[in-house]
Amino acid sequence: MTPRQWQLTTAGVCVAVAVLLQFTVLARLPFAAPSLVTAAVIGVAMACGRTAGPVAGFCAGLALDVLPPADGLVGASALALVVVGYLAGRVRDPRGLAPLQLLAVVAGLAMLAGAGQWLLATILSAGAPGPGQVLPALLISSVLTGIVGLAVVPGIGAAVRRAGGTERRRRRPRAVIG
Amino acid sequence: MAAVLAAVSLSLMLLDLRGGPTDALRAVGAVAGGPVQTAADSVFGPLRTAGFRRADTEQLQQRVAELEEANRRLALRGDALAEQVDDQGAAAAAEQRAADMAQAAVAARVVAGDPALGAAAVTLDAGAADGIVPDAPVLVAGGLVGRVATVSGATSSVLLLTDPASAVAVRVGDHAALVRGTGNPHAALLDHVDPLADLGTGQKVTTLGSDDGWPYPPGLTVGSVRTVSGGLGDLAREITVEPAVTTDTVDHVIVLRPPPGVTP
């Protein structure tokens, strides 16, 4: 396989593991849990770029929508994570971000994804929880996602670079937007 | 690429709203994803309980010692009772009752939860192959947990009482009402209740019971009245119910099978 294919395979494995952990561990915690899937999609998007980010977001979102016991609107999570993947893919290298900047970016994108999914569910389908239930949970979950992202985003970036054979370049470039 | 994927996602949502081929996607997800979740739970599950295990080790060891002692006493009592039973007919009837009870329910383990915010649903590691049917009530020792929403071959999805899409007919005192989930794991809403019903906090809430006792047999514990806001006769009175079972920490459950003669 080419280095690029190794990178994409590594990114896919990271997202798949994140989806499984989200369903089997985080979704069963007795408090608002971080969205590991969102953090993983952001990590893949920042490491692999604007094309791989939305693809990772779509695949992860579709898995969240159709794997049991999910019974929400199919496509809602996929759409939210495609947007997250696209926006995160505009940050070409998160190593130029300070930890607080990275936390803010990940938490903001997690908030965007969660709010988007809830709005779509509220507008388009019956049985969505009210804002009184969702907003506090969304706020806590987004902050926790930002904190988790401090480890997950650089971790996925390092794994993807190692898979592509580019780990040796240890310079710290500034974040490039656009 | 992002625009194309966004368009595909939107199309899927529209198809899902029309009740179209997205059901096939869900079925594929259940058939392929359920067993993967079961396997993943056996790998990742200890991560979820590791903190609790360390904290509770001493308490659990003490509990194990108590249970071993209780078990020893019960075994002695059982031996004494067995010596007294000389009626073969009674023994056969007891064995038949035990066999009927084993046929009436399926034990299952929770292997995954719904990651959507406010949603309350879980995946069980037992499905149609184990005799689970849609709408079957799901219980633990403390009371009702929810009902089976969908079933695949090896797994099934359970809609918990606290999910916003859940509604169960209940009895509070002499009054019938409806318990609706709100997404809060510690409070559900008591709806369609008589405004003149004199209800107080702590009052027990049980299932009203369905026709033929299926899917909900009468008398299963649902929870207790948590708060009552507004006075007697107030049409806007809001009553919340605290579920008897903390559904977000349930690990093992019992799923009832339909009684003989009832077609689900």
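1. Contact here means heavy atoms within 4.5 Å. In this predicted model, eight residues of domain 1 of chain B are in contact with nine residues of domain 2 of chain B.

2. Chain B is split into domain 1, residues 2-65, and domain 2, residues 106-264. The C-alpha centres of these two domains of chain B are 21 Å apart.

3. Together, domain 1 and domain 2 of chain B bury about 650 Å², with 48% of it on carbon and sulfur atoms. On the side of domain 1 of chain B, the most area is lost by B:Gln37, B:Thr38 and B:Asp41, which together make up 57% of what that side buries.

4. One salt bridge is counted between domain 1 and domain 2 of chain B. A salt bridge joins the side chains of B:Arg109 and B:Asp41, at 2.4 Å from N to O. B:Asp41 also forms a salt bridge with A:Arg28, where the closest N and O atoms are 3.4 Å apart.

5. Next, the interface between the chains. Chain B gives 47 residues to the contact and chain A gives 42. About 3,800 Å² is buried between chain B and chain A, and carbon and sulfur atoms give 73% of this area. In chain B, B:Met13, B:Arg48 and B:Leu117 lose the most area to chain A, together 17% of what that side buries.

6. Across the interface of chain B and chain A there are two salt bridges, and 10 residue pairs are in polar contact, both residues at pLDDT 80 or more. Elements giving two or more residues to the chain B side include α1 (2-17) and α2 (22-84). The most comes from α2(B), with 14 residues. By class, that side of chain B has 26 nonpolar, 14 polar and seven charged residues.

Conventions
Residues numbered from 1 in each chain as written. Chains lettered and ligands numbered in written order. Predicted model: local features only at pLDDT ≥ 70, side-chain atom pairs only at ≥ 80, totals over all residues. Heavy atoms only, no water. Domains from an automatic or database assignment. Buried area = accessible area lost by both parts, 1.4 Å probe. Salt bridge = Lys/Arg side-chain N within 4 Å of Asp/Glu carboxyl O. Polar contact = N/O pair within 3.5 Å; in protein donor to acceptor, adjacent residues only side chain to side chain. Helix = DSSP H or I, 4+ residues; strand = E, 2+ residues; numbered from the N terminus. Nonpolar A, V, L, I, M, F, W, Y, C, P; charged D, E, K, R; others polar.
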